[in-house]
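Dear colleague,

I am handing over the structure we spoke about, and my notes on it follow below. Please read them with the coordinates open beside you.

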Amino acid sequence: MPKIRVLVVDDAVVVRSRVSKILSHDAELEVVDVAANGRIALAKIPYVNPDVIILDVEMPDLNGLETLAAIRQSYPQLPVIMFSTSTRIGATATLEALSLGASDYATKPSNLGSMEATTKHIREELIPKIKLFGAGISVVSPAITVNHADVPPQRPKIEQIDVIAIGVSTGGPNALAQILPELPGNLAVPILIVQHMPPMFTKLLAERLASKCQIAVDEAIPGAVLEPGKAWIAPGDFHMVVQRHGNMVRIDTHKDPPENSCRPAVDVLLRSVAEVYGGRSLAVILTGMGQDGLQGCQHIREVGGKILAQDKASSVVWGMPGFVVNAGLADQIVPLDQMAGEIMRRVRYNQVPILGL
């Protein structure tokens, strides 16, 4: 099997050297070249023919965003993974890069305390994404065996829902940017979102979405009372849960161990939503690598809630929704461009009975 050819673009020689050395120790990867800025990278691409480009954000002469735009003009299908700092500037530029067509991103190791920790971070955060996109996105989740004796059968009738819980990972910022702006400001229910992202990124993602949406969007804070027409995004490195206090439902966050290697984790949110809202829950599982959300969806089904899963064709990676679909847990498989409409169709049922449902 041919190795995945990687071009590393970064203005810091220590980063180029360190990343190249770590990638070269992986038998599936080959670093075909490095470049100190975007202009040099653009000149090298036709000669080294990379399968994946690792692209720094902040560089002299031609920065990451400018380089990405040039790559997309000549190589629209070439996978580009942004390699970003976790600073506000780095996170802002990375979110912009994702909206401009970057395939994904990974954060640079920072203040990890040792060379071993730095190596571990790159192996766990960057290399899986290189292999994912370098292999041509052939990720399909395997069939999962679920104990259906514990799961109520799917019921075709649409029932009232009181909350929407969304789980999403790779490809998520663009998916959310397509769905949320289509929802009306007077949406009758609250929305809770787990997007796998580190601290700073989740806050900036909330700000970015809020500027485009009719509904309010904010990063979740402990104690916030759920309100209709507002969406909360779980903060990076914290799990988000809901708790009932009398007639109110409040958000809480905590730092219990990661689940599915994720914090925040979709499973943690969905378990608490199932416990608090029961059968009036609507879970939406969007594009993402891995299977976070699968066990949470089983809890949603056990209490009679409903589940929508994004379809394979419109997913950047059909991992998370694929696991849910293959486990037989999805009530409906929905293309991304129809997801907002399907959510609204179900939320409108709260207020006006619709004949034929």
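Contact, as the word is used in this message, means heavy atoms within 4.5 Å. Please also keep in mind throughout that this is a predicted model.

With that cut-off in hand, I begin with Pro-199, which has its place in the loop between β7 (191-195) and α8 (201-210). Once its neighbours within four places in sequence are left aside, Pro-199 is in contact with Gly-236 and Asp-237. The relative accessible area of Pro-199 is 42%, so this proline counts as partly exposed. As for His-254, it stands 55 residues from Pro-199 in sequence, and the C-alpha atoms of the two are 14 Å apart in space.

Asp-237 is found in the loop between β9 (230-233) and β10 (239-245), and, with a relative accessible area of 26%, it is partly exposed.

A positive phi also occurs at Asn-49, where the angle is about 45 degrees although the residue is not a glycine. Asn-49 belongs to the loop that runs between α2 (38-48) and β3 (52-56), and its relative accessibility of 53% makes it count as exposed, because the threshold for that class is over 50%.

On the backbone there is one further point to check, namely the peptide bond from Arg-263 to Pro-264, which is cis, with omega near 15 degrees. Pro-264 lies in the loop between β11 (248-254) and α9 (266-277).

Finally, I turn to a pair of helices. How do the axes of α5 and α6 cross? The axes of helix α5 (residues 115-125) and helix α6 (residues 127-134) come within 3 Å and cross at roughly 25 degrees. Because angles under 35 degrees count as roughly parallel, α5 is roughly parallel to α6. On the α5 side the residues that meet the other helix are Ile-122, Arg-123, Glu-124 and Glu-125, and on the α6 side they are Ile-127, Pro-128 and Lys-129.

How values were computed
Residues numbered from 1 in each chain as written. Predicted model: local features only at pLDDT ≥ 70, side-chain atom pairs only at ≥ 80, totals over all residues. Heavy atoms only, no water. Axes fitted to C-alpha atoms, helices over the stretch in contact; angles between N-to-C directions. Helix = DSSP H or I, 4+ residues; strand = E, 2+ residues; numbered from the N terminus. Parallel < 35°, antiparallel > 145°, perpendicular 65-115°, else oblique. Buried < 20%, exposed > 50% of the residue type's maximum accessible area, 1.4 Å probe, protein only.
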